[in-house]
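Hi,

Here is the structure I promised to pass on. Have a look at it first, and then read my notes below.

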Amino acid sequence: MRVVLTIVGKDKVGITARVSNALAEMNINIININQNIMQGFFNMVLIADMAEANVPIAEAGDKMAALGEEIGVEIRLQSEEIFSAMHRI
């Protein structure tokens, strides 16, 4: 199953490193990353594969949300299907 992570918040050193390390600990493989910084705000959309994950999607989402709180950004993890349905025009 593929998931989409969105990360938004004030830019600071280490956001990408902390997110990628947390995903690696859950054995979630990063497929694609698109990130930018606009006027001091960090924005990332990350697509990952949970086929070999060692946690279920709900737990992964909770862990990523907790990490976001810890580092001062908002992190949301959703299945690719739900993300696509929510953003369909």
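Which exposed residues does the face of helix 1 turned away from its buried side carry? They are Ala-24 and Glu-25. Here, exposed means over 50% relative accessible area, buried means under 20%, and partly exposed is in between (1.4 Å probe, protein chains only). Helices (H or I, at least four residues) and strands (E, at least two) are DSSP runs, numbered from the N terminus.

Before you go on, note that this is a predicted model, where local features need pLDDT of at least 70 and side-chain atom pairs count only at pLDDT 80 or more, while totals for chains, interfaces and linings use all residues. Residues are numbered from 1 along each chain as its sequence is written, and side-chain values use heavy atoms, with hydrogens and water left out.

Back to helix 1, which covers residues 15-25: its buried residues are Ile-15, Val-19, Ala-22 and Leu-23. Looking down the helix axis, you'd see them fall within an arc of 100°, so they line one face of the helix. (The arc is that of the directions from the helix axis to the C-beta atoms.) An α-helix has 3.6 residues a turn, so residues three or four places apart point the same way.

What covers those buried residues includes strand 1 (2-10), strand 2 (29-38), strand 3 (41-49), helix 2 (57-71) and strand 4 (73-79). Contact means heavy atoms within 4.5 Å. Leaving aside neighbours within four places in sequence, Leu-23 is in contact with Leu-5, Ile-28, Ile-30, Leu-46 and Met-64.

Arg-18 is also in helix 1, but with 35% relative accessibility it counts as partly exposed. Beyond its neighbours within four places in sequence, Arg-18 is in contact with Leu-67, Glu-70 and Ile-71. Arg-18 and Leu-67 are 49 residues apart in sequence, yet 8.1 Å apart in space, C-alpha to C-alpha. After helix 1 comes Asn-27, with a positive phi near 60°.

Four strands make an open sheet in the order 2-3-1-4, with antiparallel pairing; two strands pair if DSSP finds at least two bridges between them. Strand 2 and strand 4 stand at the edges with a single partner strand each, so one side of each has no neighbour in the sheet. From one strand to the next, the twist averages 10°. Axes are lines fitted to C-alpha atoms, for helices over the stretch in contact, and angles run from 0 to 180 degrees between N-to-C directions.

Strand 2 and strand 3 run antiparallel and are joined by nine bridges. Among the pairs, Ile-37 stands opposite Phe-42 in strand 3, and Asn-29 has Asp-49 in strand 3 as its bridge partner. Their hairpin has two residues between the strands, and Gln-39 there takes a positive phi near 50°.

Last, the core. A nonpolar core is a set of buried Ala, Val, Leu, Ile, Met, Phe, Trp, Tyr and Cys residues joined through side-chain atoms within 4.5 Å. The largest one has 22 residues, of which Leu-5, Ile-7, Val-19, Leu-23, Met-64 and Ile-75 touch the most other members. Strand 1, helix 1, strand 3, helix 2 and strand 4 each supply at least two of its residues.

Cheers
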